[in-house]
Amino acid sequence: MSELPDPNEQEKEKRRRGNIFALEVCFLAFVGLIVVAAFFEATSYAIVSSRTPFVIMVPLFLLIVVHAIRLWAARHEFDPRARIAEAFSGATPGFNKVLQISAMMVALIFAIWVLGHYAGVFLISLILMRMAGEKWMLACVTAVGATLFIYVVFEFLFDIRLYRGLIIRYFLGFRDF
Amino acid sequence: MTRRGFFRGRAKIMGIIEGMMSGFFQSISLAVFPYLFVGALFGLVIGVIPGLSGHFAMAMAVTFLYQLEPGPGIAFLLGAHATVAQGGGLTAILFSTPGTGQNAATLLDGPPMRDKGEAGIAVGAAMASCFLGATFGAVVLALLIPVMREVVLFFGPPEVFVLAFLALTFVAVLGKEDMTRSLIAAMLGLLLAMIGVDNVTNTFRFTMGIESLGDGLNLVPVILGLFAIAEMIDLWVRGGSLAKDMPTALSAKDTQKQIFQGIGMAFKKWWLVMRCSAIGTTMGLIPGLGSAPASFVAYGHAKQTAKDKDSFGKGNIEGVIGPEAANDAVEGGALASTLAFGIPGSSSMAILLSGLFILGLETGPTMLNDQVDLVFIMIFTIIIGNLIGTVFGMFLVNPLSRATSIRGTVLVPILIAVIATGAFSGDRAIFDIGIAIVFGIIGYLMKILNYSRAAMLIGFVLGFAVEKNLYLALLLDGPLFILQPIPMGLAIVTVLFLAWNIFTFIRARKGAM
């Protein structure tokens with residue numbers, strides 16, 4: 001006798017597919033807008049510069065329209081607006097995690113820019129591991145180890161001088177930011 | 001054959017032999033071998049960690065190329081790529097978790113062998129098959145050099161332009177992702193390559209007033225974003241340990257004995273290895289197919305030709321030997337089309353091509369005629385790299401397997417730090433770290449929405465070549481360049497191939513309804 005599917009699992013799967021659908025609608029809309037903007041931008045270039053972009057954009061736009069029609073046909077199966085609202089209200093754990101890691105990566109850039117590469121890398125690695133619930137000792141040791149590894153490999157072995165940061169550069173006399 | 005033809009032919013063969021000797025001695029020289037060694041070990045470790053694949057290893061390896069000479073750089077890059085599948089086979093067998101997508105077929109018989117107490121035999125057979133398959137692919141590549149040299153002379157700007165679209169179509173259609181989405185990704189990649197200064201008119205295109213985009217998007221940050229940061233975001237979101245179960249240590253003595261037994265069995269079944277390697281190499285020549293389909297086709301072939309078909313799926317060693325031989329043999333075929341035409345057929349080859357650009361090397365007739373020693377460095381790197389992977393894999397089964405117990409929450413921050421540093425190191429620009437992060441988010445979205453990142457990267461890598469060759473084709477032959485025999489033939493193949501696949505797709509959908 002075959003097992004009946006668990007209704008909870010079915011519901012979870014339906015929600016997951018709904019989330020993916022909503023995400024794709026947003027992604028395709030974003031890509032479509034970029035292509036349209038690029039198309040209008042390309043009309044301002046000389047024909048020699050714009051012909052290759054046009055050769056690429058025309059079939060690309062057609063493909064986006066075809067795919068958008070496919071998604072439009074499936075819209076009744078899911079409720080993208082509700083899913084998007086849910087995601088922005090913080091009720092989608094996966095989306096929250098993506099936002100979290102993305103925000104930390106953006107913070108990494110700022111930390112590197114202001115504090116310098118080593119301090120930025122150490123700080124953000126430490127914060128990320130603590131956010132994930134790792135113990136202080138492990139997080140500190142790992143962050144120090146990673147920073148040291150980067151120093152040894154990049155600066156010592158490959159002679160790549162990493163960015164010192166606005167603060168150190170200011171005290172070194174640099175005034176171009 | 002005329003006297004002149006005889007001497008010309010002999011000169012060509014002597015040139016290849018000279019290149020082969022030079023390539024071999026360079027591969028084992030002190031200037032190159034250490035990089036090959038480190039690259040091979042790096043690839044082995046990356047291959048063991050589930051979720052990190054061959055293109056991740058190559059993406060990370062590319063960041064170091066700015067500081068290396070061509071020989072060591074190629075050895076490091078290809079050495080890393082050569083051993084990823086071996087590491088992946090190890091985890092597929094020991095933990096039922098393929099380290100890379102190309103080891104998925106090994107799941108069919110590897111874990112059942114483990115469950116029967118034959119884990120060591122499976123590991124030994126897998127490693128030896130990888131080495132033999134890679135050697136086969138490398139030898140085929142070497143034998144193809146004289147053929148490629150002649151064929152490539154027929155390909156001028158019109159031919160290369162149309163071939164690029166053919167390759168992109170193949171990659172988009174034959175890849176595991178959805179066809180429409182992959183075609184969108186491929187065209188997006190081509191469009192991204194248009195950002196920057198147009199070399200003909202010096203017009204700034206799509207730079208949005210950002211000075212840093214004047215030279216276009218840098219390859220390394222784009223690669224790191226699409227294939228490295230995207231994986232990190234995925235690991236972070238998935239959370240938990242990388243392998244579902246903690247690795248149980250195998251008894252060292254028993255394991256070694258079994259491993260040698262497994263190696264012996266791979267050599268004993270040399271004819272199966274040769275056939276599956278031939279399948280892998282042939283499929284590697286076709287852009288877009290990749291090693292995962294090759295390993296499944298090889299598995300199917302091994303099963304069909306086996307005496308006891310029923311034992312497949314229950315721990316038959318041939319079910320491990322076949323796919324592992326094929327997925328390493330793919331590289332020889334894939335390299336052939338990449339080196340000859342500069343048209344990569346997979347994300348790994350696109351990253352390799354990017355690496356060659358960074359090293360100042362140009363593929364095509366120049367490389368095949370004047371730098372054939374570099375081609376042979378690649379060939380010997382594949383062979384020696386796989387040998388290193390086999391030897392170390394055999395003796396480091398237990399320590400390597402422990403790498404899978406590293407938590408994603410510890411691994412992700414470390415790797416993001418290293419990736420960000422790698423993105424910075426090319427042009428010493430913080431802007432490039434931003435590019436890597438943006439493409440990391442895009443790459444992650446593409447991964448979960450089933451858009452092909454490989455197609456996007458290949459489109460991006462080919463974009464410059466497409467524009468340059470279109471410009472030259474129009475200059476030399478006018479708008480009717482497409483009517484020449486080879487471009488016409490390639491264009492017809494592209495259209496027919498696409499039309500056939502669209503027709504099949506529509507028919508399948510109607511059948512499902």
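Residues are numbered from 1 along each chain as its sequence is written, and chains are lettered from A, with ligands numbered from 1, in the order in which they are written. In this predicted model, local features need pLDDT of at least 70, side-chain atom pairs count only at pLDDT 80 or more, and totals for chains, interfaces and linings use all residues, while side-chain values use heavy atoms, with hydrogens and water left out.

**View 1. Confidence of the complex and of chain B.** The predictor assigns the complex an ipTM of 0.92 and a pTM of 0.83. Chain B has an average pLDDT of 84, and 92% of its residues score at least 70; pLDDT is the predictor's confidence in each residue, from 0 to 100. Within chain B, the lowest confidence falls in helix α17 (residues 397-402), with a mean of 69, and the highest in α19(B), at 94. Helices (H or I, at least four residues) and strands (E, at least two) are DSSP runs, numbered from the N terminus.

**View 2. The interface of chain A and chain B.** The contact involves 57 residues from chain A and 55 residues from chain B, where contact means heavy atoms within 4.5 Å. About 5200 Å² is buried between the two chains, and carbon and sulfur atoms give 81% of this area. A:Phe27, A:Ile56 and A:Met105 supply 12% of the area that chain A buries against chain B, more than any other three residues. Buried area is the accessible area (1.4 Å probe) that two parts lose on being put together, summed over both. Between the chains, 15 residue pairs are in polar contact (both at pLDDT 80 or more). On the side of chain A that touches chain B, α1 (7-42), α2 (47-73), α4 (93-115), α5 and α6 each supply at least two residues. The largest share, 14 residues, comes from α2(A). By class, this side of chain A has 40 nonpolar, nine polar and eight charged residues; Ala, Val, Leu, Ile, Met, Phe, Trp, Tyr, Cys and Pro count as nonpolar, Asp, Glu, Lys and Arg as charged, and the others, Gly among them, as polar.

View 3. A:Glu134 lies in the loop between α5 (117-131) and α6 (136-157) of chain A. With a relative accessible area of 7%, A:Glu134 is buried; buried means under 20% relative accessible area, exposed over 50%, and partly exposed in between (1.4 Å probe, protein chains only). Its side chain forms a salt bridge with that of B:Arg407 (2.7 Å, N to O), and the rule finds three salt bridges across the interface. A salt bridge is a side-chain nitrogen of Lys or Arg within 4 Å of a carboxyl oxygen of Asp or Glu. The side chains of A:Glu134 and B:Thr409 are joined by a polar contact of 2.6 Å. A polar contact is a pair of N or O atoms within 3.5 Å; within protein, one must be able to donate a hydrogen and the other to accept it, and residues adjacent in sequence count only if both atoms are side-chain atoms.

**View 4. B:Glu318 in helix α13 of chain B**. B:Glu318 belongs to helix α13 (residues 318-341) and counts as buried, at 17% relative accessibility. Its side chain makes a polar contact of 3.1 Å with the side chain of B:Lys269. Apart from neighbours within four places in sequence, the residues in contact with B:Glu318 include B:Leu272, B:Ala302 and B:Phe312.

**View 5. Positive phi at B:Phe206.** Phi of B:Phe206, a residue other than glycine, is positive, near 55°. B:Phe206 sits in the loop between β2 (204-205) and α9 (219-238) of chain B and is buried, at 12% relative accessibility.
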